[in-house]
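I opened the model today to see how its parts pack. My notes follow in the order I looked things up.

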Amino acid sequence: MECEIQQNEEKVDELEKSLNPFKLKENNMMKRLHLDKMSDLESNKKSYESSIQNHK
């Protein structure tokens, strides 16, 4: 999960560096998609960690 989160962070960074005005809308949508995915992964990770703690 951490690797996937890191990959999404890198993709967001790449999109932020892109200055092509013709792809601005597309880049913003992709950025939002990756940020949402990162958020979901982080919440899943926290959930898994807490369930592991409960089982211990």
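**Ground rules.** I count a contact when heavy atoms lie within 4.5 Å. With that rule, and leaving aside neighbours within four places in sequence, I find N8 in contact with H34, K37, M38 and L41. This is a predicted model, where local features need pLDDT of at least 70 and side-chain atom pairs count only at pLDDT 80 or more, while totals for chains, interfaces and linings use all residues. Residues are numbered from 1 along each chain as its sequence is written, and side-chain values use heavy atoms, with hydrogens and water left out.

**Whole chain.** I looked up the secondary structure first. The chain has two helices and zero strands. Helices (H or I, at least four residues) and strands (E, at least two) are DSSP runs, numbered from the N terminus.

Next I checked the overall dimensions. The C-alpha trace spans about 50 × 15 × 10 Å along its principal axes. I read a radius of gyration of 15 Å for the chain, whereas a compact globule of 56 residues would be near 10 Å. That radius is taken over C-alpha atoms, and the globule rule is 2.2 Å times the number of residues to the power 0.38.

The accessible surface comes to about 4,900 Å², and carbon and sulfur atoms hold 50% of it. These areas come from the Shrake-Rupley method with a 1.4 Å probe; for residues, only the protein chains shown count as cover. Buried residues make up 14% of the 56 in the chain. I use buried for under 20% relative accessible area, exposed for over 50%, and partly exposed for in between (1.4 Å probe, protein chains only).

**Helix α1.** Helix α1 runs over residues 2–17. Its 16 residues reach 23 Å from first C-alpha to last, close to the 22 Å expected at 1.5 Å a residue. The expected span is 1.5 Å times one less than the number of residues.

Which residues of α1 are buried? I find I5, N8, V12 and L15. They cover an arc of only 80° around the axis, so they sit on the same side of α1. The arc is that of the directions from the helix axis to the C-beta atoms. The face turned away from that buried side carries the exposed residues E2, E14 and K17. The buried residues of α1 pack against α2.

**Helix α2.** This helix covers residues 24–55. I compared its span with the expectation: the 32 residues should span 46 Å, and the end C-alpha atoms are 46 Å apart, which agrees. In α2, I list N27, H34, M38 and L41 as buried. Their cover includes α1.

**The N8 and H34 pair.** I went to this pair next. N8 is buried, with a relative accessible area of 4%. H34 counts as buried because its relative accessibility is 10%. What joins the side chains of N8 and H34? I find a polar contact of 2.8 Å. A polar contact is a pair of N or O atoms within 3.5 Å; within protein, one must be able to donate a hydrogen and the other to accept it, and residues adjacent in sequence count only if both atoms are side-chain atoms. Not counting residues up to four places away in sequence, H34 touches N8, K11, V12 and L15.

V12 lies in helix α1 and is buried, with a relative accessible area of 6%. Beyond four places in sequence, V12 touches K31, H34, L35 and M38. L15 is also found in helix α1. With the same exclusion, L15 touches N27, M30, K31 and H34.

**C-alpha distances.** L15 and N28 are 13 residues apart in sequence and 7.9 Å apart in space. D36 and N8 are 28 residues apart along the chain, with 9.7 Å between their C-alpha atoms. V12 and N44 are 32 residues apart in sequence and 20 Å apart in space.

**Last check.** Is D36 buried, partly exposed or exposed? D36, in helix α2, is partly exposed, with a relative accessible area of 46%.
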